[in-house]
Amino acid sequence: MKRKRIKLLGISLSVIAILLLSVNPALEYAIHHYLQNKMRILQDSSAYVVSYKKLNLNIFNTEAQFTDLKFLSVSGEDPTSSKKGLGLLREIDIERARIKGVDIGHFLWKESLEISRIDFDSVNLTVLKPVASVEFNNEESVKPVMDSLKLPGIKRIKLGDIGVSNLTLNILSAQLGDTISSYRSKDIHIEGVGLSRHGEGEGNSFIPELDEMVFRLGEQQYLLENGLYSMAYKGLLYVHKDESLLIDKLQIAPHISVDSFATRNSGKNYDRLSMGLHALRVEGLGLHRIISTGAVQLQKIELDSLEIDIFKDRSHPLDPNLDIPLPSRTLEDLGLNLSIDTVLFNGHQLSFYEKQPNSSRHLETYLTGLRGEIRNIKSGGSARHSEVPLELKLQGDLLGAIKLELDIKFPYGKDALYINGRTSGSSNLASLNPTMIPAMNMRFGDGKLDGLTFQANGNSQNMEGELTMLFSDLEVELLKPDHHEDLTLSWLANAVVKDSNPNKRGRTLRATIYAERDPNKELMKYIIKAIKSGVVNTLNPLGKNRRDR
C-alpha cells in the first residue's frame with residue numbers, strides 16, 4: 001500500500017512537472033500571438049510595428065525577457081514633411097528587455113497587467129530632425145510621442161521603475177536620411193511613468209501618463225565634434241511635472257592636448273574653447289513637445305558659476321569671402337526650431353586670448369565677476385516675425401579692474417544693432433595694457449580712468465555713435481612693431497595729447513565713434529574697433545570730437 005502511494009505521488013509530481021514545463025511554451029506562444037496580432041502603438045498618422053527575435057518567459061521568477069526587441073515606425077506621412085505634430089521617433093532597437101514582477105495570473109484571468117520593474121540593455125533611438133518651419137505658441141500642434149497603446153482585453157496597467165544600462169540617440173536628417181549626430185548615455189533611471197485607460201470595450205486603448213515622471217542620469221561623459229571635445233557632468237535630473245532640468249557640474253573641454261589640437265588645425269585659423277559651470281537649470285522644458293515637433297521652447301536657462309576660456313588662432317590670413325552675419329541673422333537662418341525667453345548667467349571669469357599675425361603677443365582680455373542675461377532668443381520664422389529684439393546684457397570687471405556694463409540689442413528682421421556701455425568707479429589706465437598693446441600698439445604709462453560711456457547704432461556694414469572718456473594725469477607710450485617703446489613718438493604724443501578730460505576749465509570732450517566692419521571678423525572685434533575709434537578721437541588733438549559748452 002505504501003509503495004502504491006509513493007508510486008502515485010511520483011506519477012502526480014511528474015504530471016505536475018510536465019504541466020508546469022509545458023506552461024512556459026504555451027504562455028510564450030500566447031503572448032507572442034497577442035503582441036503580433038492585437039497590440040497596436042499609434043502616434044498621429046504613424047504606427048509602430050513590434051518585432052523581436054526571442055521571448056523567454058519564467059513563471060517561477062515572474063519574469064519575461066525579450067531579445068532584439070524592435071519598434072519600427074510605419075508612417076503615413078513623408079518624413080521630409082514639416083507638418084506640425086509629425087512623429088519624429090522613427091525606430092527603437094533594444095538588445096535585451098527584462099520585465100520583472102509580472103503577475104501572470106492577473107494577466108490571464110483579471111485582464112490586468114502589473115509590472116514591478118523593466119530593465120533595458122543597449123537601447124538605440126533613431127530620431128528625425130525635421131525641416132525648420134514649426135511655428136510656436138500653438139499648443140494644438142503639440143502631440144505626445146505616443147498617442148495611444150491599444151491592448152484589447154486589458155483593463156488595467158501598472159508600471160514600476162524603468163532602468164536603461166546603455167542608450168544611444170541617433171539624429172537623422174529628414175531630407176537626406178544621414179546621421180547628423182549621435183549621443184550615448186548610461187545608467188538611466190526613470191520613475192513615475194504610467195498608462196491610463198482611455199475608452200471602453202474590446203478596442204480600448206491606453207495613453208501615456210507622464211505627470212509623475214522623473215528621469216535621472218548618473219555621471220556621464222560624451223565625445224563631441226569628431227573627438228576634438230568631450231562633455232561631462234556629475235548628474236542629470238528631469239522632472240516632467242515641472243518641465244525642469246538640472247545638470248550638475250557640467251564641463252566641456254578639448255579632448256586632446258593643446259599641441260594636438262593645433263596640429264589637427266595646422267595651416268588655418270581655429271578656435272579652442274573650454275567651459276565649466278557648477279549647475280545648469282532649465283525651466284519650461286517640454287520633452288514631449290521637443291520629440292513630437294522638434295521645437296525647443298524654453299522659459300528660462302540659468303548658468304551658475306560659469307567659467308569660459310576662449311583661444312583664437314588668427315595668425316593666418318582670413319578668408320576674404322567669409323561674411324560673418326550678426327547674431328540675429330544667424331538665428332533667423334538656423335535650422336532648428338528654437339525659442340528661449342531668458343538665459344541668466346553668473347560666473348567666475350570669461351577669458352579671451354587671440355594669437356595675431358606677425359606678433360609674439362596675444363590679444364588678451366577677460367571679465368571677472370561675470371553676470372548677465374540674454375533675452376528673446378528665437379530662430380527661423382519665429383525670429384523673422386518677432387517685434388522684440390534679441391538682447392544681451394553683460395556686467396563684469398574688465399581685466400579684473402574696471403567695472404563694465406554692456407547692453408546690445410539686435411532687432412530681428414532688420415540689419416541693425418544698438419550698443420550702450422559704461423564703466424563705473426576709478427581705476428588705473430595701465431590696467432588696460434594687456435588689451436591696448438596688441439590692439440592699438442600703445443600702452444598707458446600713468447593716469448586714472450574716471451569713467452567711460454558710449455552709445456552706437458549700426459548694421460553689418462558700419463557703426464557710428466559717441467564716446468565720453470573721463471581721465472586725469474594721462475601718460476602714453478607709443479610702441480614699435482616689436483612692442484618696444486618708441487621714445488621720440490612717445491615724447492611727441494605726450495606733448496600734444498590731452499592729459500585730462502574734463503579739461504582745466506571743466507569742459508568735457510565727447511568723441512565720435514565710427515567703424516566700418518570687416519565682414520570676416522567676429523562681432524567682438526567689430527565692437528572693439530568702434531570703441532577704439534572713440535578712444536583715438538578722444539586722445540588725438542586732431543580727432544573728431546566736441547566739447548560741452
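## Aromatic pairs

Tyr 229, Phe 261, Tyr 270 and Phe 311 are linked into a cluster by ring pairs (rings of Phe, Tyr and Trp, the last by its six-membered ring, with centres within 6.5 Å; planes under 30 degrees apart are stacked, over 60 edge-to-face, the rest tilted). This is a predicted model: local features need pLDDT of at least 70, side-chain atom pairs count only at pLDDT 80 or more, and totals for chains, interfaces and linings use all residues. Residues are numbered from 1 along each chain as its sequence is written, and side-chain values use heavy atoms, with hydrogens and water left out.

Five aromatic pairs are found in the whole structure. Tyr 52 and Phe 66 form an edge-to-face pair, because their ring centres are 5.0 Å apart and their planes stand at 75°. Tyr 52 is in the loop between β2 (46-51) and β3 (54-58) and Phe 66 is in strand β4 (residues 63-74), so the pair ties together parts 14 residues apart in sequence. Tyr 52 is buried at 15% relative accessibility, and Phe 66 at 9% (buried: under 20% relative accessible area, exposed: over 50%, partly exposed: in between; 1.4 Å probe, protein chains only). The pair of Tyr 222 and Tyr 233 is tilted, at 5.9 Å centre to centre and 45° between the planes.

## Tyr 238

Tyr 238 belongs to strand β17 (residues 235-239) (helices, H or I, of at least four residues and strands, E, of at least two are DSSP runs, numbered from the N terminus). Its relative accessible area is 3%, so Tyr 238 is buried. Beyond four places in sequence, the residues that Tyr 238 touches include Met 213, Phe 215, Leu 245 and Leu 287 (contact: heavy atoms within 4.5 Å).

## Strands β24 and β25

Strand β24 (residues 402-410) runs antiparallel to β25, joined by seven bridges (strands pair if DSSP finds at least two bridges between them). The two form a hairpin with six residues between them, and Gly 413 in the turn has a positive phi of about 75°. Lys 409 stands opposite Tyr 418 in β25. Tyr 418 is on the uncovered face of β25 (residues 417-424), with Asn 420, Arg 422 and Ser 424, whereas Leu 417, Ile 419, Gly 421 and Thr 423 make up the covered face.
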